[in-house]
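This report is written for a reader who wishes to follow the text alongside the sequence and the coordinates. Please keep both in view while reading.

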Amino acid sequence: MGLIGMFAFLQVYSVQAILPVLITDFAATEVQAGMVVGATILAIAIMSPFLGMLSDAVGRKVFIVGALLFLAIPTALIAQSPSIGWMGVWRFLQGLSVPGITVVTIAYIGEEFEGRAVTELMSFYVSGSVLGGFMGRFLLGHLHELIGWRAGYYVMAAMTLLGALWVTKMLPASRQFVANPNFRSAIQTLGEHLVNRYVVTSCLLGACVLFSLVGCFTFINLHLADTPYELSTGALANIFAVYLLGVIITPLSTTLLRRFGSARTVRVAVVVSMLGVLLTLVAPLWGVVIGLAVMSSGVFITQSATISYIAVNVKKGRSLASGLYYMGYYAGGTLGAWLGGITYARGQWSLTVWLLLFVQVLALLIASFGMIKTKSKAA
């Protein structure tokens with residue numbers, strides 16, 4: 001599960017490490033650079049519910065393997081991009097395949113395992129996705145310095161193909177999956193999910209989580225590439241090593257969830273994340289790095305708690321529920337890339353920080369009121 005998460009997210013944020021280079025190479029604006037990141041995220045948001053419904057009818061493993069194979073194609077085509085616009089097109093096509101991995105994997109875990117095993121496997125899946133997010137940025141940043149970002153994307157495409165072959169061989173076939181090809185039933189389930197407090201709360205919280213993460217880790221690159229830091233793509237790639245904290249912290253969130261529950265864990269994690277964002281305003285580079293580490297740790301715990309919350313509380317139409325969650329999650333990320341670009345262009349990093357804090361306050365309110373179970377619900 002951890003490695004599936006890694007392969008799923010290897011491509012999603014890789015472009016962040018080379019944004020300053022793309023702005024120079026394509027004479028692009030900050031908003032255009034942000035939307036190259038947002039293009040993949042937007043496609044994931046659009047496709048997540050539909051691939052969830054389709055997977056409920058067809059199966060799990062075949063979807064995961066097929067999505068990985070498709071993902072390698074636009075990844076290779078990015079290397080041929082003649083403009084920032086075409087790069088956005090290929091990035092969008094990347095995003096169309098990612099839900100076939102992420103949404104279906106969460107449904108697979110919820111079906112094949114129960115109780116404590118679900119929470120533990122979810123935490124390993126999130127850890128893998130965190131590792132993939134780091135590896136994508138780290139590898140492309142250093143590949144650009146070695147062979148250029150265009151050749152670097154060919155390497156990334158080859159890695160994705162290897163991932164597809166690995167999953168084909170290693171992932172056990174579903175044992176508990178029951179096909180539901182009835183479209184009318186899927187629409188009815190969709191209607192039920194849209195008024196299900198567990199699903200709606202998870203979607204809203206997920207939107208705030210990825211808004212913060214994309215907004216922070218996209219535009220901190222432009223901030224650190226500018227004076228007084230003037231970091232190279234390799235140095236920016238090294239900054240993303242703070243992501244590795246998530247690989248360690250996310251499995252530990254399982255213990256927090258068992259002891260304090262989802263609502264309390266999320267509230268504390270959001271407050272921690274807010275403190276991290278504020279720390280990035282500290283002038284020395286070491287202060288910015290510590291702030292990013294603290295901020296991302298809070299986000300990863302929130303994400304792990306949220307997807308465990310939806311897996312435990314939703315019993316019917318799990319992949320559709322996961323799809324709706326990811327639609328909200330990635331819609332928030334798209335907004336983070338777009339609004340973050342506008343905010344950074346107007347007020348640089350300091351104004352971007354206040355935008356991120358505003359969204360995290362919203363997340364705190366959603367967790368405080370939406371995740372608390374009433375007595376009747378608990379009964």
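## Basis of the report

The model is predicted, so local features need pLDDT of at least 70 and side-chain atom pairs count only at pLDDT 80 or more, whereas totals for chains, interfaces and linings use all residues. Residues are numbered from 1 along each chain as its sequence is written, and side-chain values use heavy atoms, with hydrogens and water left out.

## Helix α1 and its surroundings

Helix α1 covers residues 2-9; helices (H or I, at least four residues) and strands (E, at least two) are DSSP runs, numbered from the N terminus. Of the 8 residues of α1, 6 are buried, so the helix is largely enclosed by the rest of the structure. Here buried means under 20% relative accessible area, exposed means over 50%, and partly exposed lies in between (1.4 Å probe, protein chains only). The buried residues of α1 are I4, G5, M6, F7, A8 and F9.

## Packing of α1 against α8

The axis of α1 comes within 10 Å of the axis of helix α8 (residues 149-170), and the two cross at roughly 150 degrees. Axes are lines fitted to C-alpha atoms, for helices over the stretch in contact, and angles run from 0 to 180 degrees between N-to-C directions. Helices α1 and α8 are therefore roughly antiparallel; angles over 145 degrees count as roughly antiparallel, under 35 as roughly parallel, 65 to 115 as roughly perpendicular and the rest as oblique. The crossing of α1 and α8 is left-handed, a term for a near helix turned anticlockwise from the far one by less than a right angle, with clockwise being right-handed.

On the α1 side, the contact is made by L3, I4 and F7, and on the α8 side by M159, G163, W166 and V167. Contact means heavy atoms within 4.5 Å. The residues of this contact of α1 with α8 comprise 6 nonpolar, 1 polar and no charged. Ala, Val, Leu, Ile, Met, Phe, Trp, Tyr, Cys and Pro count as nonpolar, Asp, Glu, Lys and Arg as charged, and the others, Gly among them, as polar.

## Packing of α1 against α6

Helix α6 (residues 99-112) also packs on α1: the axes come within 9 Å and cross at roughly 155 degrees. That angle makes α1 roughly antiparallel to α6. The crossing of α1 with α6 is left-handed. Residues I4, A8 and F9 of α1 meet I101, T102 and T105 of α6. By class, this contact of α1 with α6 has 4 nonpolar, 2 polar and no charged residues.

## Cysteines

The structure holds 0 disulfides, a disulfide being a pair of cysteine sulfur atoms within 2.5 Å. C208 is in no disulfide, and the nearest cysteine sulfur, that of C203, is 12 Å away. C208 counts as buried, at 9% relative accessibility.

For C216, the closest cysteine sulfur is in C208, at 15 Å, which is too far for a bond. C216 is likewise buried, at 0% relative accessibility.

## Selected residues in helices

T352 lies in helix α14 (residues 318-370) and is buried, with a relative accessible area of 0%. Not counting residues up to four places away in sequence, T352 touches G215, G340, T343 and Y344. W338 also lies in α14, but this tryptophan is partly exposed, at 40% relative accessible area. Beyond its neighbours within four places in sequence, W338 is in contact with V31 and M35.

T189 is placed in helix α9 (residues 183-194) and is buried, with a relative accessible area of 4%. T189 and K316 are 127 residues apart in sequence and 7.7 Å apart in space, C-alpha to C-alpha. Leaving aside its neighbours within four places in sequence, T189 is in contact with K316, G317 and L320.

## Backbone features

Most residues other than glycine have a negative phi, and most peptide bonds are trans. The peptide bond from T227 to P228 is cis, with omega near 5 degrees, and P228 is found in the loop between α10 (197-225) and α11 (233-239). E230 is in the loop between α10 and α11 and has a positive phi of about 50 degrees although it is not a glycine. E230 counts as exposed, at 53% relative accessibility.

A27, which is not a glycine, has a positive phi of about 50 degrees. This alanine lies in the loop between α2 (19-25) and α3 (30-58), and A27 counts as exposed at 67% relative accessibility.
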